[in-house]
Amino acid sequence: TTMSTIKVNNLTSLTDGPVLRPDHPMFMAKGNDSQSADINGVVVSYDTAVFDRGSNYSTSSSKFTAPIAGIYEFHATVMFTSSNLTSYGYCFLDFRINGTRRGQEVMMPRPSGASFASAQITDMINLSANDEVDVMCIVANTTLTIRGDFRQFYGRLIG
């Protein structure tokens, strides 16, 4: 059987209800090289695009630029390896919009004796066209090493 479709503003709707969104911007990127994070913070490098529908993600700056206004969902992860994993004051990730932290940071729990630890953050953000989003990591009282190739940053327009 063939299904009838209706197309409006780059959205395709099947006549029985589901909406297909093949043109919605979305991306996934990963990192490659190790980085150091400390109290000054570091913009986490996600320098390899796994996919980038709409070409809105920059691998050189690790930023997503919103092509249109809307609600976007983002997720970011990092993994640390360091002998200092049990001595930091706090460690968190935060999304930045146009260089300004959101203040929605998610703090990583302190592992007990582990050699590796992970932090992640997920958020829905209302963006204007041309707003830029990246990820910052801040660590107090020590320096932690963000492992190469054990981190992802992805996002998508949801409405």
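Phe74 and Phe153 are both buried. In this predicted model, their rings form a tilted aromatic pair, with 6.1 Å between the centres and 35° between the planes. Phe74 belongs to strand β10 (residues 70-81) and Phe153 to strand β17 (residues 152-157), so the pair ties together parts of the chain that are 79 residues apart in sequence.

The protein contains 12 aromatic pairs. A further one joins Phe27 and Phe64, whose ring centres are 5.1 Å apart; the planes meet at 15°, and the pair is therefore stacked, the limit for stacking being under 30 degrees. Phe27 is located in strand β4 (residues 26-30) and Phe64 in strand β9 (residues 63-65), and the pair thus links distant parts of the chain, 37 residues apart. Phe27 has a relative accessibility of 1% and counts as buried. Phe64 is likewise buried, its relative accessible area being 1%. Both of these pairs fall within one aromatic cluster, which is formed by Phe27, Tyr46, Tyr57, Phe64, Tyr72, Phe74, Phe95 and Phe153.

Ser62 lies in the loop between β8 (57-58) and β9. With a relative accessible area of 4%, Ser62 falls under the 20% limit and is therefore buried. Leaving aside residues up to four places away in sequence, Ser62 touches Val44, Ser45, Tyr46, Asp47, Tyr57, Val133, Asp134 and Phe153. Among these contacts, Tyr46, Tyr57 and Phe153 are also members of the aromatic cluster. Ser62 and Tyr46 are separated by 16 residues in sequence, while their C-alpha atoms are 5.3 Å apart in space. A polar atom of the Ser62 side chain lies 2.8 Å from the backbone nitrogen of Tyr46.

An arrangement of a charge and a ring involves Arg147 and Phe150. The charged end of Arg147 sits over the ring of Phe150, at 3.8 Å from the ring centre.

For the protein overall, the secondary structure comprises 17 strands and 0 helices. Of the 159 residues, 40% are buried. Contacts between residues at least 6 apart in sequence join residues at least 24 apart in 71% of cases.

Definitions and conventions: Residues numbered from 1 in each chain as written. Predicted model: local features only at pLDDT ≥ 70, side-chain atom pairs only at ≥ 80, totals over all residues. Heavy atoms only, no water. Phe/Tyr/Trp six-rings, centres within 6.5 Å; stacked < 30°, edge-to-face > 60°. Helix = DSSP H or I, 4+ residues; strand = E, 2+ residues; numbered from the N terminus. Buried < 20%, exposed > 50% of the residue type's maximum accessible area, 1.4 Å probe, protein only. Lys NZ or Arg CZ within 6 Å of the ring centre and 35° of its normal. Contact = heavy atoms within 4.5 Å. Polar contact = N/O pair within 3.5 Å; in protein donor to acceptor, adjacent residues only side chain to side chain.
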